[in-house]
Amino acid sequence: MNDSEGAFAGIGNTPLVELRRVAPANGARIFVKLEWANPTGSMKDRMARTAVEGAVRDGRLVPGGTVVEYTAGTTGISLAFACAVLGFGLHVVFSDAFSDEKRRTMLAFGATVEDVPSNNGAITEALIKQMIARAAEVSKQPGMWWCDQLNNHDAVTGYLPLGEEIWTQTKGRIDAFVHTVGTAHSIHGVTRALRAHNPDIRVFAVEPAESAVLSGQPTGPNRIEGIGIGFVPPLWEPDTVDGILTVSADEAMDMARRLARQEGLFAGTSSGANVVAALRTAERMGPGSTIVTILCDSGLRYLSTELYRSGTI
């Protein structure tokens, strides 16, 4: 660990644990990577650091500058963290469709947060595109650099170490990787790293059943924060995956609650979706196989939402 990195030294090397009570006793082994162990409590710290440092390195982000980004909150929190470490401002385009915990955390790190109003809290293609358009508008001001996560090629690089960690922690005994798709950077980065070691590792993408655009279904409102943007991400590489699994918001939330109660693992809705899909993959691959998925962030970000709000658990 390099002390000169400051808080960045805490990024990565997160634990990998096996599910013991949620997974079937006679099926494949399922391991989950606890990405809430990163400094802000999510895997996005990896890409935020890489994206901001890349922009500094090639002069797109100059001293005294401000980063601009649209976000469902998790990327915004990680960018706020990275900007605090490196001394930059951050202007976030957010929405009331996402948890208040995320808003408060971004503000705590010093970000400026503005809202694009949603339609009764629904995460839709129209909302995401309105947020993107607003971020593009703000970024035209002097001294601004637009991270533009959907089109940011540096972001994939930030997830290569995540794949390397999984390979090392499983001692190379991994048969499949299962993961949700938002920007698609994390699934691409992990896949690239794992298949550099073993090209036969199978990879399955996960998306919301309510907006299964990767599967060729119509776009629709979605209740799983952080994934399912309502349209195919511009850098999506369909040929890199062996299949696409759909999980409903209710299934994902039920699993997130089960993880907390039965495994002691406190995570968000997208993490629940990952585990639901990993269990389906385990049924398909059978005993003797090892499957890895990601617990993307902490359940602490969702205490005010329907996931953990009183009366829903």
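Predicted model: local features only at pLDDT ≥ 70, side-chain atom pairs only at ≥ 80, totals over all residues.
Local features need pLDDT of at least 70 and side-chain atom pairs count only at pLDDT 80 or more, whereas totals for chains, interfaces and linings use all residues. Residues are numbered from 1 along each chain as its sequence is written, and side-chain values use heavy atoms, with hydrogens and water left out.

**View 1. The annotated domain, residues 10-297**. An unreviewed UniProt entry gives this range as "domain: Tryptophan synthase beta chain-like PALP", an annotation that may be inferred rather than shown by experiment. Over residues 10-297 the chain is 38% helix and 17% strand (DSSP runs: H or I of at least four residues, E of at least two), and the end C-alpha atoms are 15 Å apart.

**View 2. The largest cavity, about 240 Å³**. A cavity is a set of points on a 1 Å grid over the protein atoms alone where a 1.4 Å probe fits but cannot get out, and lining residues have an atom within 4 Å of a point. Its lining comprises 20 residues, with Thr 71, Ala 72, Gln 149, Gly 226 and Ile 229 the closest to the centre. Helix H2 (74-86) and helix H4 (125-138) are the elements that give two or more residues to this lining, which divides into 9 nonpolar, 9 polar and 2 charged residues.

**View 3. The second largest cavity, about 180 Å³**. Among its 19 lining residues, Met 43, Lys 44, Gly 226, Ile 227 and Cys 296 lie nearest the centre. Strand S7 (176-180) and helix H7 (185-197) each supply at least two lining residues.

Terms used
1 Å grid on protein atoms, 1.4 Å probe; cavity = no way out; pocket = protein on both sides within 12 Å on 5 of 7 lines; lining within 4 Å. Points joined across faces, edges and corners; volume = space filled by probe spheres on them. Nonpolar A, V, L, I, M, F, W, Y, C, P; charged D, E, K, R; others polar.
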